[in-house]
Amino acid sequence: MSKKALIIVDVQNDFLPGGSLAVKDGDQILPVIIKLMPQFDEVITTQDFHPEGHASFEKWPPHCVAGTLGAELSSVINPCQVTYRVKKGTNQAVDAYSPFFNEKGDVETDLHEYLRGKGIDTLYVVGLATDYCVVCTVCDALKLGYRVFLVEDGVRGVDLNAGDVKRALDEMASQGAELVLSEGIR
Ligand code: VGL
Ligand code: ZN
């Protein structure tokens, strides 16, 4: 029997409309997330959680600064339905798009350990942004041996360069992720 978890990637105020690094139409994934959460016994949230003056603010506008409202999860995410929370990008000098490995390849969180401890082998991934944190999370999870379903209507991307989202979806599929729509889940 496979054991599943829903991974909600960086659905934080700063990545939603009105936020400092808003993903276009990012709020369109919220109904999908609200619908999916009760379908899973394990619901994991990740949060980009940077100290002030973080290294990534050379590439991006300041966002998800620890302790600010922008770093908080969207208020539509019912905290009672979240079973585990992970913060990443907390190291001043090193960015972390994925909760499994930072951009240097080091492990900074205990997410993999947590999932293993629970016997979870299958991940359903939703969140922001498709072409940054989502693609990195999915590809790292595949490398770690998880079966990964990417919920296409549960993600939105930045598309800094035209085609980035499409390339991210292709990359995930080519690494072995299964692309599904939320309506087809359980
Ligand atoms: C992200 C840019 C910078 C993301 C995080 O969550 O996709 N993107 N930090
Ligand atoms: Zn960030």
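**Overall fold and the covering of helix 3**

Of the 186 residues of the protein chain, 53% count as buried. The model is a predicted one. Burial here refers to a relative accessible area under 20%. The protein chain exposes about 8,600 Å², and 51% of this area is supplied by carbon and sulfur atoms.

Four helices and six strands make up the secondary structure of the protein chain. Their order along the sequence is β-α-β-β-α-β-α-β-α-β. The C-alpha trace spans about 45 × 35 × 30 Å along its principal axes. Among contacts between residues at least 6 apart in sequence, 76% join residues at least 24 apart.

Charged side chains in the protein chain number 17 positive and 27 negative. The centres of these two sets lie 5 Å apart.

Helix 3, formed by residues 130-143, is mostly covered, with twelve of its 14 residues buried. The buried residues of helix 3 include Tyr132, Val134, Val135, Val138 and Leu142. Asp131, Asp140, Cys133 and Cys139 are also among the buried residues of this helix. The buried residues of helix 3 pack against four strands, namely strand 1 (4-9), strand 3 (84-88), strand 4 (122-128) and strand 5 (147-156), and against helix 4 (164-175). Just after helix 3, Gly145 adopts a positive phi of about 100 degrees.

Conventions: Residues numbered from 1 in each chain as written. Chains lettered and ligands numbered in written order. Predicted model: local features only at pLDDT ≥ 70, side-chain atom pairs only at ≥ 80, totals over all residues. Heavy atoms only, no water. Helix = DSSP H or I, 4+ residues; strand = E, 2+ residues; numbered from the N terminus. Buried < 20%, exposed > 50% of the residue type's maximum accessible area, 1.4 Å probe, protein only. Contact = heavy atoms within 4.5 Å. Areas by Shrake-Rupley, 256 points an atom, 1.4 Å probe, with all protein chains shown as cover. Lys, Arg positive; Asp, Glu negative; His and termini not counted. Charge placed at Lys NZ, Arg CZ, Asp CG, Glu CD.
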